[in-house]
Amino acid sequence: MEHNSTFPIKQTELDMLRDEATSYLKSIQWEQGARAKNRDKDAKDDSILLYLSRANNGSSTEITSVSKTILALKKRLLPDSVAIPVLLNQTLFAVQEGITMGIWVKDSYYDASGLSSLSENKSALDANGKREFESKMHTATAFMLFSKAYKILHDLKPHASDDLSVMKQKFAGIPEVSLLSPIKGVSCSLFYYDKYLGHPDIIKSDKDVIDFTVVYFEALIDEIQLRKSSLEYTETIEDRTYKLENSEFAISGWSNVFSGTAKSVEFNKIKFEQIVGNRDAKHFARRLTERLLSYDFTEKKNPFQELGGFMPVFMGYGIPGTGKSMLIAAIATRLKEYCDELDMPFLFHPMPDTLISTFQGGSAEKMVEWMKPLQDPSKLIFAPIDDAENNLQERTVQGVSAGVKEVIGVFLRYTEGAYAVNYGNSSIGLFTNLPEMLDKAVISRVQGRFKIDGARSEHDFLDQDYLWWRKLDETLPDFVNMQGPKDYEYLQNQGLAKNMGEILSSIEKPSEERVHEIYDKIEKQYKSNEHSFYANLYKAMQKEFPFFSSRDVRNIQSAISLRLTDFDLEDDWFDKPEIYFKQEYDTKFNMLQELMRSNMKGLDFSEIRRQEVVRYLDNVATIADTDFKRKVDARVNQMNIEMEARKTFDNA
């Protein structure tokens with residue numbers, strides 16, 4: 001569902017609720033449920049869970065005070081300090097602000113959903129009215145707890161340790177979550193939070209207090225997310241965004257950008273010049289980096305998106321050993337170097353190999369966790385999926401695991417549809433040796449594609465060898481006693497192409513047989529500079545390849561738009577970022593439009609269209625035919641082996 005309206009959260013309104021929030025910190029009472037109380041006494045993590053279940057010392061209700069517990073912690077951790085130390089203070093303040101936010105959001109939901117008037121007339125409600133009242137109470141409580149935890153994470157996450165795995169191992173989960181009413185919801189969540197804080201094994205230092213608070217409230221959000229599907233009357237939550245004035249903080253339905261405030265993964269630094277051949281791939285990678293860098297952090301949009309030159313999802317494919325992994329590293333290297341120079345935050349976010357889970361629903365959960373950070377508008381994100389055929393394999397093939405289907409479902413939902421948010425700051429790259437094994441719906445999301453074909457020419461192979469023996473030559477001069485080429489300087493052909501036209505100028509006709517036949521047939525009826533040529537070509541393609549659809553036509557259109565924005569950014573823009581990169585959005589947009597206009601003067605639209613259509617249709621056919629060819633080859637191979645075996649057997 002789209003978020004269509006934004007409501008401000010005013011600081012003055014929060015100020016009026018702060019006393020109520022403080023009273024929760026001073027004292028809450030909670031009666032543990034039977035299940036939380038009677039934890040299995042032999043459970044493996046019994047020390048902490050038993051401790052939590054015996055939290056009431058036998059009485060049914062206990063009053064606890066988070067602020068007292070924090071003071072006690074201060075005495076235990078820092079006995080000589082007079083004032084409450086900074087980190088404890090910061091945590092206490094963040095929790096108080098979180099509760100204040102939760103109360104504000106709950107009040108807002110009461111008014112928007114009609115729960116206020118149900119509460120006022122509670123005694124006069126009939127059975128249906130009572131049901132609606134209870135149901136809305138549950139939803140109000142869940143949203144209140146979600147908002148409370150979300151605000152706490154927003155305030156404390158930047159100050160927590162990068163690696164929380166040790167704390168997560170100590171943490172044994174939240175024994176129960178109450179959604180009966182807002183008071184019970186807050187009391188229950190603070191009761192267990194307080195118990196954990198008081199456990200001597202959990203908190204060993206003042207930094208642990210912040211780390212634990214982040215782990216606890218992340219777990220609370222996860223608990224609410226698990227129960228979300230059973231809540232009703234959530235329309236007035238999902239159709240709006242609440243934004244805190246003078247702050248970046250906003251609540252948009254149930255979406256949680258922190259579920260993966262991911263940290264950049266380390267990678268080997270590689271320059272494009274070290275990659276031999278792959279002109280198409282290197283050119284594409286260079287354009288991708290320039291486009292990502294044009295993103296505007298203030299406006300949260302990218303001028304290239306408006307010009308039609310941005311690819312949220314792209315694909316690089318080619319035979320094994322042609323440099324996929326090197327290319328991923330080279331794109332990351334280039335982006336990181338520019339981001340450091342231009343002072344922009346960069347996230348290298350490759351898909352982990354361990355995504356597919358054997359638990360039902362586990363893969364979807366992990367995939368959501370991986371895709372969530374891609375919706376964070378505060379950094380540039382490059383998210384490669386290497387060997388994409390492993391996790392995004394064609395779903396209709398026999399034996400494909402439920403996990404793969406879950407992963408694809410999430411991928412499709414987040415790349416197009418209600419969940420898909422693209423600010424123009426992140427790009428997912430699928431890299432594969434086997435594009436024909438990728439799911440058709442996944443392939444149809446791909447807006448830019450290029451071949452990773454490795455060394456192709458005599459010069460490429462010369463250079464590939466040169467990169468290897470050069471190291472020997474540096475260590476032992478004159479050891480490599482061989483003649484160099486007469487008319488070629490090493491690596492001179494490994495530079496970057498000026499534009500795609502340089503790479504594609506030789507494309508005349510489709511190279512795939514079936515497409516070639518269709519193309520020739522249509523060319524006899526129409527010229528390639530007539531619009532009808534393409535309409536009939538697409539129709540004939542669809543007849544031959546039934547899965548060819550209007551989505552493919554849209555992808556061809558976006559490939560042509562990419563070519564129209566296929567120009568270099570000026571060199572001095574990189575040397576002096578204030579000329580372009582540091583400009584306001586509109587200025588950047590106008591500068592790019594100027595560049596685009598001057599670039600288009602030398603282009604021939606119908607020729608570009610022809611090249612891109614041929615390139616795309618070839619690609620469709622290659623992917624469709626390779627699968628079939630592979631099966632035939634495997635069969636032929638098997639038959640040859642059997643014939644050979646018979647011969648050997650007969651001669652024996």
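I took a salt bridge to be a side-chain nitrogen of Lys or Arg within 4 Å of a carboxyl oxygen of Asp or Glu. With that criterion, I searched the whole structure and found 35 salt bridges.

**Entry 1. Basis.** I worked on a predicted model, in which local features need pLDDT of at least 70, side-chain atom pairs count only at pLDDT 80 or more, and totals for chains, interfaces and linings use all residues. Residues are numbered from 1 along each chain as its sequence is written, and side-chain values use heavy atoms, with hydrogens and water left out.

**Entry 2. The chain as a whole.** I noted 25 helices and 10 strands in the protein chain; these are DSSP runs numbered from the N terminus, helices being H or I with at least four residues and strands E with at least two. Along the principal axes, the C-alpha atoms fill a box of roughly 90 × 70 × 65 Å. Of the 652 residues, 49% are buried; buried means under 20% relative accessible area, exposed over 50%, and partly exposed in between, with a 1.4 Å probe and protein chains only. I also looked up contacts (heavy atoms within 4.5 Å). Among those with a separation of 6 or more, 80% involve residues 24 or more positions apart.

**Entry 3. Charges.** I recorded 83 positive and 100 negative side chains in the protein chain, counting Lys and Arg as positive and Asp and Glu as negative, without His and the chain ends. The centres of the two sets lie 4 Å apart, each charge being placed at NZ of Lys, CZ of Arg, CG of Asp or CD of Glu.

**Entry 4. Arg131 and Glu232.** I found a salt bridge between these side chains, at 3.0 Å from N to O. The pair links distant parts of the chain, 101 residues apart: Arg131 is in helix H7 (residues 127–156), and Glu232 is in the loop between helices H10 (206–227) and H11 (235–238). Arg131 is partly exposed at 46% relative accessibility, and Glu232 is partly exposed at 34%.

**Entry 5. Glu416 and Arg554.** In this salt bridge the closest N and O atoms are 3.9 Å apart. Glu416 lies in the loop between helix H16 (402–415) and strand E9 (426–432) and Arg554 in helix H22 (residues 550–564), so the pair ties together parts 138 residues apart in sequence. I read both as partly exposed, Glu416 at 34% and Arg554 at 42%.

**Entry 6. Glu594 and Arg597.** I found their closest N and O atoms 2.8 Å apart in a salt bridge. The two are separated by about one helical turn because they stand three residues apart in helix H24 (residues 585–600).

**Entry 7. A network.** I noted that salt bridges link Arg286, Arg287, Glu290, Asp566 and Asp568 in a network.
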